[in-house]
Amino acid sequence: VGGLGFSERTILVLGVVVVPLVLGSRLPASHDVEGRSRVRAEPASVDAAIADIPGWSSGMPGNAPPRHRSADGHPDYESRADERTFLYFELVEHRPPSHVRVRLDSSNGRLSATWDFDVVPCAGGSVVRLRERARTNSPMLRFVMRYVTGQDIGIRGTLMALEQRFGRLGD
């Protein structure tokens, strides 16, 4: 960094890299979080949208819509997370119209998760509950998820995408 002396650069490196790594290494590797939303659609429509992983919008995890990864039609998909990382999705369980389980893994091994979507009817639409059980192998990612973005960042984005698609019901 231009204009900084050795001691300033050392402090900067400690503050930006070393401290988050140390703190992140002391955090549990696993987390369990959930969120919920109410949308303006019947459970069957919401369930179908969730189970249609290739139809997931850009508001859900990854920077590109998921595409089939295997030629045999198995519900296994991939989406680019960033320039070097792919997210792999697998539809593990589907009990229409109330439950979908999706497994997510990153190609770099930093994150693996199981997402359980439960959809139940309510007045004017459906309640969607999303629970994430995840393991984060990277201490830096654990630090960022705990103190910067929140461990529920994927859940928030996914529920927001469903709200945008179907419309949000007031609480």
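Colleague: Which residues of the largest nonpolar core touch the most other members?

Modeller: A nonpolar core is a set of buried Ala, Val, Leu, Ile, Met, Phe, Trp, Tyr and Cys residues joined through side-chain atoms within 4.5 Å. Here the largest one has 27 residues, and Val46, Ile50, Phe89, Val102, Phe117 and Val128 touch the most other members. The elements that give it two or more residues are β1, α2 (43-51), β4, β5, β6, β7 and α4 (153-166). Helices (H or I, at least four residues) and strands (E, at least two) are DSSP runs, numbered from the N terminus.

Colleague: And what should I keep in mind about the model itself?

Modeller: It's a predicted model, so to speak of local features we need pLDDT of at least 70, side-chain atom pairs count only at pLDDT 80 or more, and totals for chains, interfaces and linings use all residues. Residues are numbered from 1 along each chain as its sequence is written, and side-chain values use heavy atoms, with hydrogens and water left out.

Colleague: Which residues of α2 are buried?

Modeller: First the cut-offs: buried means under 20% relative accessible area, exposed over 50%, and partly exposed in between (1.4 Å probe, protein chains only). In α2, that gives Pro43, Val46, Asp47, Ala49, Ile50 and Ala51 as buried. Those buried residues pack against β1, β4, β5, β6, β7 and α4.

Colleague: What does phenylalanine 117 touch?

Modeller: Contact means heavy atoms within 4.5 Å. Leaving aside residues up to four places away in sequence, phenylalanine 117 touches Ile50, Trp56, Ser98, His99, Val100, Val102, Val128, Arg129, Leu130 and Thr158.

Colleague: How many aromatic pairs are there?

Modeller: A pair of aromatic rings is described by the distance of the centres and the angle of the planes. Rings of Phe, Tyr and Trp (its six-membered ring) pair if their centres lie within 6.5 Å; planes under 30 degrees apart count as stacked, over 60 as edge-to-face and the rest as tilted. There are two such pairs in this structure. Tryptophan 115 and phenylalanine 117 have ring centres 6.0 Å apart and planes at 70°, so that pair is edge-to-face. Tryptophan 115 and phenylalanine 117 are both buried. For phenylalanine 143 and tyrosine 147, the centres are 5.2 Å apart and the planes at 50°, so that one is tilted.

Colleague: Where do phenylalanine 143 and tyrosine 147 lie?

Modeller: An α-helix has 3.6 residues a turn, so residues three or four places apart point the same way. Phenylalanine 143 and tyrosine 147 both lie in helix α3, four residues apart, or about one turn of the helix. Phenylalanine 143 is buried at 16% relative accessibility, while tyrosine 147 is partly exposed at 48%. In α3 (residues 139-149), Arg142 and Met145 are buried along with Phe143.

Colleague: Which residues form the nonpolar patch on the surface?

Modeller: Patches take residues with over 30% relative accessible area and no salt bridge, joining like charges within 9 Å and nonpolar side chains (Val, Leu, Ile, Met, Phe, Trp, Tyr) within 5 Å. The areas come from the Shrake-Rupley method with a 1.4 Å probe; for residues, only the protein chains shown count as cover. This patch is formed by Leu12, Val13, Leu14, Val16, Val17, Val18, Val19, Leu21, Val22, Leu23, Tyr147 and Val148, with about 960 Å² of accessible area together. The elements giving two or more residues to the patch are α1 (6-25) and α3. α1 gives the most, ten residues. Take valine 19: its place is in helix α1, and at 40% relative accessibility valine 19 counts as partly exposed.

Colleague: How many salt bridges does the structure hold?

Modeller: A salt bridge is a side-chain nitrogen of Lys or Arg within 4 Å of a carboxyl oxygen of Asp or Glu. The structure holds ten. In one of them, aspartate 32 pairs with arginine 131, with the closest N and O atoms 2.4 Å apart. Aspartate 32 sits in strand β1 (residues 30-39) and arginine 131 in strand β7 (residues 125-136), so this pair ties together parts that are 99 residues apart in sequence.

Colleague: What joins proline 96 and proline 97?

Modeller: Most residues other than glycine have a negative phi, and most peptide bonds are trans. Proline 96 and proline 97 are joined by a cis peptide bond, with omega about -5°. Proline 97 has its place in the loop between β4 (86-95) and β5 (99-106). As for phi, glycine 150 follows α3 and has a positive value, near 95°.
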